[in-house]
Every structure is written in C-alpha cells, then in structure tokens.
Amino acid sequence: MSKRDFKWQLQEVKGFIKPKIKYEQYVTSPEIATDMLWLIDNEYDDIEDKFVVDFGCGCGILGIGASLLGSCYTVGLDIDTDALEIAKENAETLEVEDIDFVVCDISDTDFLFLKQKQLQLNKKSKYIVDTIIMNPPFGTKKQVGIDSLFVQQALSISKVVYSLHKTSTRKFFIKKAKEWDCNVEVVAELRYNLPKTYKFHKKKSVDIQVDFIRFENIINEEEEIDDDVTEEEEEEE
C-alpha cells in the first residue's frame, strides 16, 4: 500500500460529533495521522506484527491506521463512550477486524485486560504491549500535567511510545525522559492545524507547531538474560 492510498483510507474516518472540552477533544487529521503512522512503520518497524495500543484513541484514527498497516492486534483506549462508539463505526466502515475499543481511564488503571490479551497473543516480553501511539491532551485548561501522565502510564506497559506534544514542551519532556530512565528522540516536527472546535475559539483555525516524540524504555542486559531464561524454561516444560 502506498502512502497516498493509506491517507485516502484514513480520510474515511469520522470525527467527534460533539467534542468535549473537559477531555480536550480535538480531531487528529488524516494528514498528520498518516505522517505519524507511516514514519513509525517504515522508519522504526514498530507497527507491523506488533501489539499496538492507542492511548486516548478518541474516534480511533491512529489505532485503525495501525491495523491497516498490519499490527497483529490493536486496542484503542478512551474514557469517553461516545467517542468509542464513533471509533467502532469507523473500524466497521474500513472493515478493520483485529481491533478492540475499551472504556478506560488511563490515569487510573492497572491494564490487566491488556495483560490478558498479551497472553492470548502468546507474546513473551517484560512489557505488556509492543508499541503505544497517542495524541494526548496537551495539558491545558483544567488538565495541567495530563500529557506527562499519559507518557508515564504508557512507558509502564510498553517498550516504545510515540506521542505528539507542543514543541514548546520539548525541553520539559527531554528532562523528564532522563528521570523516567528512557531514551527520547524528536523524530519529526509537524504542523498541527486545529480548526475552531469550541465556542470560546475566536479564530477559524490555529496552526500549532508540534513534536512527534519517540520514547523507548532502556532494557539492561540482566533483564534480557532473564527473559531468555524464562523462555528456555517454558520450552523445557
């Protein structure tokens, strides 16, 4: 599939009917979703045959896109049931089957349901999922710090995390990555065009400079050896 055809498919994804400001809901456009997912898959090989989770999936464009690019399974998580209903409709429209959408408060969960899916997929790893992709709330208005919390939660269950953030927060996330003991890389600088969504918006659209950031947990040699030993023990049994 060409990048052009991929973008064409994502253009079929419908957005929010009534976006909710308390969740900072904004549509992820087909253009920016295409750039994000195409880079992840073609430059880092972190989608095809991988267990992928879309944190704060909204209407599901990133998760659906990951499925279209060949993830072995995808799960979209969101706190808003209305958004998840739209996401399910979008998946049906694009005939995507290997995907689930689950109601979940990402800030307060143990992700046991993802652990169960990991076991079903027979994936052996310290981390529950292979890749997390997200366009989290920017952490403005009444949700200050939610963007950082999303990344922390993602790193607790995934080896690799891809996330979109305002460029103005770049130094903050580079500093936090050291505290979280993970590698960090700005893999792309993008322009996020936000259309007028709420009544308090005065302009028809706002062009925001954003960083597409790749976080990767650092796995030491002892952890890798432990994983290998566990697999050998299971094979002997």
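Trainee: What makes helix α3 (residues 61–68) largely enclosed by the rest of the structure?

Mentor: Seven of the eight residues of α3 are buried, so the helix is largely enclosed by the rest of the structure; buried means under 20% relative accessible area with a 1.4 Å probe and protein chains only. The buried residues are Ile61, Leu62, Gly63, Ile64, Gly65, Ala66 and Ser67. This is a predicted model, in which local features need pLDDT of at least 70. Residues are numbered from 1 along each chain as its sequence is written.

Trainee: Why are α2 and α3 called oblique to each other?

Mentor: Helix α2 (residues 30–44) and α3 pack at an angle of about 45°, with their axes 10 Å apart. Angles under 35 degrees count as roughly parallel, over 145 as roughly antiparallel, 65 to 115 as roughly perpendicular and the rest as oblique, and α2 and α3 are therefore oblique. Their crossing is right-handed, a term used if the near helix is turned clockwise from the far one by less than a right angle.

Trainee: Which residues lie nearest the centre of the largest pocket, and how many residues line the pocket?

Mentor: The lining has 36 residues, and Tyr23, Gly56, Gly58, Asp78 and Asn135 lie nearest the centre. Elements giving two or more residues to this lining are β1 (51–55), α3, α6 (146–155) and β6 (182–195).

Trainee: What classes make up the lining of the largest pocket?

Mentor: The lining has 22 nonpolar, nine polar and five charged residues, where Asp, Glu, Lys and Arg count as charged and Gly is among the polar ones.

Note on methods
Predicted model: local features only at pLDDT ≥ 70, side-chain atom pairs only at ≥ 80, totals over all residues. Heavy atoms only, no water. Buried < 20%, exposed > 50% of the residue type's maximum accessible area, 1.4 Å probe, protein only. Helix = DSSP H or I, 4+ residues; strand = E, 2+ residues; numbered from the N terminus. 1 Å grid on protein atoms, 1.4 Å probe; cavity = no way out; pocket = protein on both sides within 12 Å on 5 of 7 lines; lining within 4 Å. Axes fitted to C-alpha atoms, helices over the stretch in contact; angles between N-to-C directions.
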